[in-house]
Amino acid sequence: MEPEPSTGAEHPPTGAEQSSAGAGPADLPAVAPQLRTLRRRASLTLEAAARAAGLSPAHLSRLETGRRQPSLPMLLALARVYGTTVSELLGETVAERDAVVRAADMEPTPAGGWTYWQAGASGRGMQALRVHVPYGSQGDIVRVHPGEEWLYVLKGRLRLRLADTAHVLAPGDSAHFDSLTPHRLAAADHDGSDLLFVHTLLQSPTATLCLGPTTTGEAP
């Protein structure tokens with residue numbers, strides 16, 4: 001058994017940790033044990049895995065015990081560190097070689113205030129999701145990670161900031177960009193925004209997947 005880090009002397013949370021602060025632990029019941037299983041499968045200690053993912057050991061311990069809910073940037077970071085996919089971190093059981101995902105099999109998964117539906121097979125280099133972005137959720141988080149992203153707005157308007165350029169995407173609009181470009185996503189309408197989201201996650205030990213909330217609070 002690995003000793004859990006003391007909670008009495010934690011360092012201040014990183015940007016990635018701040019993005020999940022205050023999130024309820026009950027939203028992703030399958031993730032906590034899966035995180036610990038995959039870390040041990042990768043032969044990493046709690047401290048080594050936390051350092052590679054840009055988290056504190058105490059915070060990773062809380063994720064593994066279900067006392068904190070991981071945000072999407074955290075899941076991306078941990079997937080990279082463990083050499084796996086977000087689908088596996090979420091405990092998806094869709095067979096790797098299944099070409100068809102039925103609507104009835106797409107279970108909603110809340111994380112970091114957003115809701116995700118797995119829209120593609122697990123174990124692939126390209127991950128496909130259907131996403132609901134509520135108004136006022138995660139709009140201050142700047143994301144940077146290796147790979148590419150493509151998104152298509154299904155419903156509601158989406159605010160997308162790529163580096164220093166702001167866009168408002170209406171239903172039917174799409175965007176395709178290099179994920180190393182700092183980007184922020186937020187719903188422009190109070191009813192939120194629904195979108196199709198496809199990303200590739202390239203393996204990179206030096207990748208920074210979340211720069212954390214900005215200090216200005218400006219909408220993307």
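User: Leaving aside its neighbours within four places in sequence, which residues is Val 86 in contact with?

Analyst: Val 86 is in contact with Leu 75, Leu 76 and Ala 79, contact meaning heavy atoms within 4.5 Å. The model is a predicted one, in which local features need pLDDT of at least 70 and side-chain atom pairs count only at pLDDT 80 or more, while totals for chains, interfaces and linings use all residues. Residues are numbered from 1 along each chain as its sequence is written, and side-chain values use heavy atoms, with hydrogens and water left out.

User: Is Val 86 called buried or exposed, and what makes it so?

Analyst: The relative accessible area of Val 86 is 6%. Buried means under 20%, exposed over 50% and partly exposed in between, with a 1.4 Å probe and protein chains only; Val 86 is therefore buried. Val 86 is found in helix α6, residues 86-89, where helices (H or I, at least four residues) and strands (E, at least two) are DSSP runs numbered from the N terminus. Its C-alpha atom is separated by 8.6 Å from that of Leu 72, 14 residues apart along the chain.

User: What makes Arg 36 and Glu 64 a salt bridge?

Analyst: The term requires a side-chain nitrogen of Lys or Arg within 4 Å of a carboxyl oxygen of Asp or Glu. The N to O distance between the side chains of Arg 36 and Glu 64 is 3.1 Å, and the pair is a salt bridge. Arg 36 belongs to helix α2 (residues 31-41) and Glu 64 to helix α4 (residues 57-64), so the contact ties together parts that are 28 residues apart in sequence.

User: What other partner does Glu 64 have, and at what distance?

Analyst: Glu 64 also meets Arg 39 in a salt bridge, at 2.6 Å from N to O. This pair links helix α4 to helix α2 across 25 residues. Both Glu 64 and Arg 39 are buried; for Glu 64 the relative accessible area is 5%.

User: How many salt bridges does a search of the whole structure find, and where does Arg 157 lie?

Analyst: The search finds three. One of them joins Arg 157 to Asp 189, with the closest N and O atoms 2.9 Å apart. Arg 157 lies in the loop between β5 (148-155) and β6 (158-162), whereas Asp 189 lies in the loop between β9 (183-187) and β10 (193-200), 32 residues apart. At 35%, Arg 157 is partly exposed, and Asp 189, at 22%, is partly exposed as well. Shared partners join Arg 36, Arg 39 and Glu 64 into one network of salt bridges.

User: Why are the buried residues of α2 said to line one face of the helix?

Analyst: The buried residues of α2 are Val 31, Ala 32, Leu 35, Leu 38 and Arg 39. Seen down the axis, they fall within an arc of 135°, so they line one face; the arc is that of the directions from the helix axis to the C-beta atoms. Among the elements covering them are α3 (46-53), α4, α5 and α6. Ser 43, which follows α2, has a positive phi, near 60°.

User: How many bridges join β3 to β10, and in which direction do the two run?

Analyst: Eight bridges join β3 to β10, and the strands run antiparallel. Two strands pair if DSSP finds at least two bridges between them, so β3 and β10, with eight, qualify. Within this pairing, Arg 130 has Leu 196 in β10 as its bridge partner. Strand β2 (residues 114-118) is joined to strand β3 (residues 126-133) by four bridges, again antiparallel, and Tyr 116 stands opposite Val 131. Five bridges join the antiparallel strands β5 and β8, with Tyr 152 opposite Ser 174.

User: Which residues form the two faces of β8?

Analyst: Strand β8 (residues 174-178) has a covered face of Ala 175 and Phe 177, and an uncovered face of Ser 174, His 176 and Asp 178.
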